[in-house]
Amino acid sequence: MGKPRPHYLDKNSTQTLQEGLEEYYAFNPHVTPPSTQPPEFGKILLAHDVGHVIYGCDTSMYDELKILPLFWWTSECTFQQFRQMRNTPAVDVMYDDLIREKGAFWLYSEICKTLPLVIPELILIWFRTRNRKKRLPFLEFEPLLDRSLLNIRQEFDLLQFIK
C-alpha cells in the first residue's frame with residue numbers, strides 16, 4: 001500500500017481551499033514555501049499553489065504542463081498576464097530550483113516525454129474553455145479560502161477538468 005492520496009485531488013472534495021492548501025504543502029515538502037520568497041514573487045507562487053489545489057493537480061510533470069493552460073483559459077491569469085509576470089526576475093527562482101535539484105537535461109527530457117501525452121487533453125480543455133465569461137480569481141483568491149473545493153469547482157465550472 002502506497003502513500004495515501006491527498007483529498008484535494010478528489011474532484012468532489014468538500015474540504016475548504018485553506019484545508020486543501022495545507023494538505024498540498026504537507027504532501028509536497030519539496031515545494032518552495034511562498035513565505036520564503038520576496039513578497040511579489042511569493043504572491044504569484046502562492047496563487048500557483050492555490051491553483052494546484054483548486055484544479056486538483058499534483059506536482060507531476062503532466063499536471064505542471066496542464067496547469068498553466070488551465071490558468072490561462074479559466075482564470076484571471078491570462079497568457080498576457082503570465083508573460084508580464086514571467087518578466088519578473090523572481091519567477092526564474094522556480095525554474096532555477098528545479099534545474100539545480102534535478103538538472104536541465106532531466107527537466108527538458110521530462111517535458112519532451114510528457115508533452116505528447118498532455119496535448120490531447122489540452123486541446124479538449126481549449127475547446128471547452130473558449131468564450132468563457134466567469135473566470136477564477138488568480139492573485140485575489142483570499143475570499144475563496146473558507147469555501148469548499150467542490151463549491152468553487154462548481155461555481156467556476158471546473159469539475160470537467162479534474163480526473
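1. The model is predicted: local features need pLDDT of at least 70, side-chain atom pairs count only at pLDDT 80 or more, and totals for chains, interfaces and linings use all residues. Residues are numbered from 1 along each chain as its sequence is written, and side-chain values use heavy atoms, with hydrogens and water left out.

2. The protein chain holds seven helices and zero strands. Both are DSSP runs, numbered from the N terminus: helices are H or I, at least four residues, and strands are E, at least two.

3. The radius of gyration is 15 Å, which agrees with the value near 15 Å for a compact globule of 163 residues. This radius is taken over C-alpha atoms; the globule rule is 2.2 Å times the number of residues to the power 0.38. The C-alpha trace spans about 40 × 40 × 30 Å along its principal axes.

4. Of the 163 residues, 44% are buried. Buried means under 20% relative accessible area, with a 1.4 Å probe and protein chains only.

5. Disulfides number zero. Cys57 is in none; the nearest cysteine sulfur, that of Cys77, is 14 Å away. A disulfide needs a pair of cysteine sulfur atoms within 2.5 Å, and the sulfur of Cys77 is too far from that of Cys57 for a bond. Cys57 counts as buried at 0% relative accessibility. Cys77 is buried too, with a relative accessible area of 4%.

Key:
Buried < 20%, exposed > 50% of the residue type's maximum accessible area, 1.4 Å probe, protein only.
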